[in-house]
Every structure is written in C-alpha cells, then in structure tokens.
Amino acid sequence: MQDNSNNILDEVTGNDYKYGFVTDIDTEIIPVGLNEDVIKLISAKKEEPEWMLEFRLKAFEYWKTMKMPTWAHLTIPEIDYQAISYYAAPKKKEGPKSMEEVDPELVKTFNKLGIPLEEQMMLSGIAVDAVMDSVSVKTTFKEKLAELGIIFCSFSEAVKDYPDLIRKYLGSVVSYRDNFYAALNSAVFSDGSFVYIPKGVRCPMELSTYFRINAANTGQFERTLIVADDDSYVSYLEGCTAPMRDENQLHAAIVEIYVHDRAEVKYSTVQNWYPGDKNGIGGIYNFVTKRALCKGDFSKVSWTQVETGSAITWKYPSCILAGDNSIGEFYSVAVTNNHQQADTGTKMIHIGKNTKSTIVSKGISAGYSQNSYRGLVKVSPKAENARNYTQCDSLLLSSHCGAHTFPLMDIGNNSAIVEHEATTSKISESQIFYCNQRGIPTEEAVGLIVNGYAKEVVNKLPMEFAVEAQKLLSISLEGSVG
Amino acid sequence: MLEIKNLHANINGKEILKGIDLVVRPGEVHAIMGPNGAGKSTLSSVLAGNPAFTVTEGEVNFYGKDLLTMLPEQRSWEGVFLGFQYPVEIPGVSMVNFMRAAINEHRKYKGESPLSASDFLRLMREKREVVELDNKLANRSVNEGFSGGEKKRNEIFQMAMLEPRLSILDETDSGLDIDALRIVSEGVNKLKSNDNATIVITHYQRLLDYIKPEFIHVLYKGRIVKSGGPELALELEEKGYDWIKKELGE
C-alpha cells in the first residue's frame, strides 16, 4: 500500500515545465568570460558615468578575493564563472516609444507568459517594467506615475537620469562586500528597476517587473532598488520565468529596499525560473540577495514570495528593523520537486525599539528535492520590546524528498518575546482517494490540497498574482504526488 | 445497473473477498450486514477503486461498463458514490472549494461547462438543507474539526450534490446519536428515486428502521452466505450471527 501511494505521488509530480519556450529574437551577446575589460565593456555599452564604473570595478576587485559560500544545505556543482556571458540584450537600439514599436516576437513572449502589456496597461492598471535578459524592454505608465513624482524606470535609465538618488542609495542596504553573489552582481549587473516614491505619496497602482532569461549561456544579474520616502506606500511585484535549457544558468540578483519614516513597502515575488528536467538536468541557479532597511520609525516592509522554480535557490529576503516601531514580515511558499534544491528563509534583525516581525514559511517538497528553511531572528541589546512570531511548516509529497529547518535565534535583550512554531505533514493516500472518489483526479487533488496549505501566504499576494501563483503551485507539482 | 460476479480481492496479499455475487437494479435499496472482519468495508472500497486493494478474480459491471478497469475518479463520474466510514480531514481545503472542484470535474466529464459561482452557491444552499448542514461547516476545511455526526451528514450532503446513480454507504450509522441518525437517514430517503440505487453497509437494524431496504445480504468470511427480505435483518437483530455460522456448519 505504501509503495502504491508513493508511485501515485511520483507520477503526479514528474511534470514538464510549461514556460520553456525560447523567443527567437536577435540578441546581442558579449563573449563569455569575466575580467576588468568585460566590466568596462558592459559599462561602456550602457554609457555609464565614471562613478558607476568605479563601483563595478571595486566590487569586482573584492569579488576576486571571495569564495562561493558553502554553508547552505545545497549541493552546488562547480560553477565556471569564466564560461558565462555577462551581457545579453535584445538587439534594437532605440527604445520603443509605443506598443507598436515593440518587437512582435517579444510581445508574443510576454503573451505566452500571460502578461500582455497592452492588456495590462488598459485593464489592470499595472505598470510593467519588463526585463528580458539584461535590458528593460518597455516601461508602461511612466507618465502617469511621473505626475505624482514617482520614479519607476530601468536601472540604466536611473543611472543616467537620477544619478544623485542612485549614488545615495546604491549599495546602502546590500553592500558589494555583503557576500559572494552580491559582489558579483555589483560588478556585472546589467539592468533592473528603480523605484522612488516621494514623501507622502501612495502609489496608486502595483508596480511590476517581469524578468525572463531568454538567451543561452547568459547570466542574469539585475538589481532592483526601491526607495520609499517618508509616509509613502508602494506595492511591488516581481515575476520570473526562463526557457528550458540543458545547461544551468546563473541568476544572481540584488534587491535593495530603503524605507523612511512611516513608509511601507510590500514586495511580492512569484518565481518560476526553469527548474531543470525530471532528472535534474539544466535549470536556473537562483542566488539572490534581497534586503530591506526599515530605516525610519514606524516603517514597514512585507516580503511575500511564491517560489516554484529554479534548480537551486539560495535566498533570504531580510529586514533590518532599525527604526523604532518598525515592522518586518516574511511570507513564503517554496515548492521543490524532482531534483530541485532550495535553501531559503529570512533574517529579521531587530535594532530599534518596539520592533515587530512575523515569519510564515511553508515548504512543499516532492520527488527527490531538498527544501530547507533557514531563518535568523536577531534582537540586538538595544532593541527593547522586540517581538517575533515564526511559523514554519513543511509538507512532504514523497518519501525521497527532504525538508529541513534551520532556525537561529540570537536574542540580546531580555524584553524580547520570540515565538517559534513548526509542523511537518504529508499528503496521505487516504486524502487523495477521498478526493478521487468525489471525482477529483489525483493531480487536481494535490493542487487543491497544496493550495489550501499555501493559502495563508498566497492570500497576501495582490489579486492578479494570487491567481497566477495558485495555477503555478498546481502546475509545479503535476506528476509528483506521494 | 450493478452486477458483481465472483469477486475476489486482497490487501497486502491477504484475501478478504472470496467470491462475491450481487445484482443491484435501479430503484433498489440493499443492505449488507455481517460480523466484523467479514469484508463489508473491503467490498465498498473495491467498488470505489481504492488502490490499497487488489482484485484478483471476478468482474464488476456497471451499466454495461467494466468498473474494475476505471480509475476511482472515473467511477465517481459514472455515478458511483462511497459514503466513507471514516471521512478523512483535508486541512486548508474549504468544503466550498472541494465541492466546486468535484462538481466541475463531473460536469467536465459530461461535456458541460463549469457552474458559475452564483449557481454553485445556490446549489450548495439547496442541498445543504437535505441534511440540515450548517452553513458554517460549508466554509470550514473538509471534515476538519467536524464532530462524528457532522462528518456523516457531510457525506450525505456530498451525495446530494453529486447525485450518484449508485450510493454505497459504509457504516454511515456508526458513531451517530439518534437525532443525527434520523437526519442522515431522512437525507438518504429524500435522495432515493427510481433511477438510483443504494447499498447500505451496517451492523445494526436501527439504521434499517429508517432506510428500508428490500434486500438484505449477510456477508461472512468474504462471501455472501445468505440473502433475503427485510425480515432477515430482524432475525439477525434478534439472534445475532451465530445461527448463520451454525447453518454453515461451523
């Protein structure tokens, strides 16, 4: 009976990646390899000012002294950083001024991804900054946002148009010295998004970036920088997919969020990079540094992530709660299937007084995957009355997968109240049979149960994203029940 | 509608059903009784396609189709409903979402488009009344935190929603107090028609006071050893199973 149930689950989770198409677009790629000249070339292609190049070179110098981190519960094959091309751009030098000018192939890609720019512009009121490979393709709604003084543009544009802001905030939350991948990103980052919400402005629409790695043998190194000035609010969405390829591709991004007094930033991610095939061949290495600095008093940051893709995920969206009464939240669903590995979680660093943090992490493991939660709750000696609540659940769908939890609490102040709850459960054969008996086939049943399990987190996503996330959760586990 | 011939089945290599023969026609209500371990629940599980059991011999025909080659969900679409003895809890999945998924899978099978949200909720409301199921339960997770009686009422509610052609109720009366028993049985009776049939599996006569079967079968050691009319149930209630064992020469 046991064997039988495992077979069924295995069947349901051994599925195919549904976003694995390649767009046939003329792409400009620089030769593989990483050295000072390459960095100068990237900088020159982007027509960057001298200070930007200096930043890159400093980061590169530092990166050369570093080694890949090995502390995560991951088996990472050796990565040859000289075998990667660090810049790929869809060829079309003049930026499009209207939808008609956007390459039809590109529009088709976005349509397949379910984000028709045109439709989104008209219907949903989402401003999309679509990043394909390394160059921001089109930013919508910029004019409307500009009226409110909101800046939402590609990172390269920001370097040109808002150098003072970039120089002030770039690296202020994630220094290039922070870690190996942060240093690498700082040296070679190609593009990304920049958001600035001025004092007292509530951004009237969700800002959204859609990342996609299209070209073969390229790494994607984007940077996102969000600055929320006093009393402002913004909700930011990030979605990611990549085509199927046999080789592994590297994605090393940085997201920095700087939050001033009483400002709030909600950052939502649906990550569906190509996870590799059933046997673990190919897939994206997703090594991402995401951090928010709640600098201001009463500031708030909320991270919500639904992670279903990537061969290897290494990411810990964190909050530094420096301002008094600041709040950090982390809601996460991480799904691993087949041979995927994920080591993900968060860090909540309590520095200010009366700071609060909430962590809800839901891991779902299927197939032969390894899924780890790694969390740090640190309460510094001066952080009076810090509060943390952590809930950490694991759902297992097979007997071959692993779920691991590495919670660390470093409490330096006696007034802190810190709670940690954890559960592990398995979808049982009798639950599946019950669903079957009512006419719900096994795959749909797993989707239903998994979505029910993840509901608490998915409900934190903005509406449009929640629907996509639900579909994704079901699709990612097709062929994996057990 | 249902024709079972020489059905043998085992679990983990142990033979439980040792040659069952049974014919059920539309409009009929059959009761299967018998001592513990006779194979009553196994029979219902096998008919519903529970993968834990292996059929080794025999055939089951349902409206001319071979039931045994169908997946559990296909049997459901064809109109086989199993009221579970121990309905399982599915945390996080609301009854509404669960039933909606089930109904729409059935509709898909019939080539019908999914029910709209408002039509679906109307149907829920209507069918809830059959077993006096509280609206609050419909919004909770499937069977989670339900009392024993609520779980059984929830089973009959699902039966009302899916309108099966054949309902197999596996010890639906176990764990019910007298009020819940009445509500559940009345629910079953309301759903009865000339086009559907019911197989009731039970230990006790008391359920049969409410749901009146025309046919009683005694299952013992994996075989139907005696069949008769309603009077057989009364006889069993009075004398227990020992006289049957004696009749069999044990």
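Colleague: Let's begin with chain A. At what angle do helix 2 and helix 3 of chain A pack?
Modeller: Keep in mind that this is a predicted model. In chain A, helix 2 (residues 36–45) packs on helix 3 (residues 50–64) at about 155 degrees, and their axes are 10 Å apart. Angles over 145 degrees count as roughly antiparallel, so that is how helix 2 and helix 3 of chain A run relative to each other.

Colleague: And which residues make the contact?
Modeller: Helix 2 of chain A brings A:Glu36, A:Ile39, A:Lys40 and A:Ser43, while helix 3 of chain A brings A:Met52, A:Leu53, A:Arg56, A:Leu57 and A:Phe60. By type, the residues of that contact are five nonpolar, three charged and one polar.

Colleague: OK, over to chain B. What is the strand order in the sheet?
Modeller: The order is 2-1-4-5, in an open sheet of four strands with antiparallel pairing.

Colleague: Why do strand 2 and strand 5 of chain B each have one side without a neighbour?
Modeller: Because strand 2 (14–24) and strand 5 (65–66) of chain B stand at the edges, each has a single partner strand.

Colleague: How many bridges join strand 1 to strand 2 there in chain B?
Modeller: Eight, with strand 1 covering residues 2–11 of chain B. For instance, B:Leu7 has B:Ile20 in strand 2 of chain B as its bridge partner.

Colleague: Where does helix 1 of chain B lie?
Modeller: Helix 1 (residues 40–48) of chain B lies across strand 1, strand 2 and strand 4 (54–62) of chain B, at about 75 degrees to strand 2 of chain B.

Note on methods. Residues are numbered from 1 along each chain as its sequence is written. Chains are lettered from A and ligands numbered from 1 in the order in which they are written. This is a predicted model: local features need pLDDT of at least 70, side-chain atom pairs count only at pLDDT 80 or more; totals for chains, interfaces and linings use all residues. Two strands pair if DSSP finds at least two bridges between them. Helices (H or I, at least four residues) and strands (E, at least two) are DSSP runs, numbered from the N terminus. Two residues are in contact if their C-beta atoms, placed from the backbone, lie within 7 Å. Axes are lines fitted to C-alpha atoms, for helices over the stretch in contact, and angles run from 0 to 180 degrees between N-to-C directions. Angles under 35 degrees count as roughly parallel, over 145 as roughly antiparallel, 65 to 115 as roughly perpendicular and the rest as oblique. Ala, Val, Leu, Ile, Met, Phe, Trp, Tyr, Cys and Pro count as nonpolar, Asp, Glu, Lys and Arg as charged, and the others, Gly among them, as polar.
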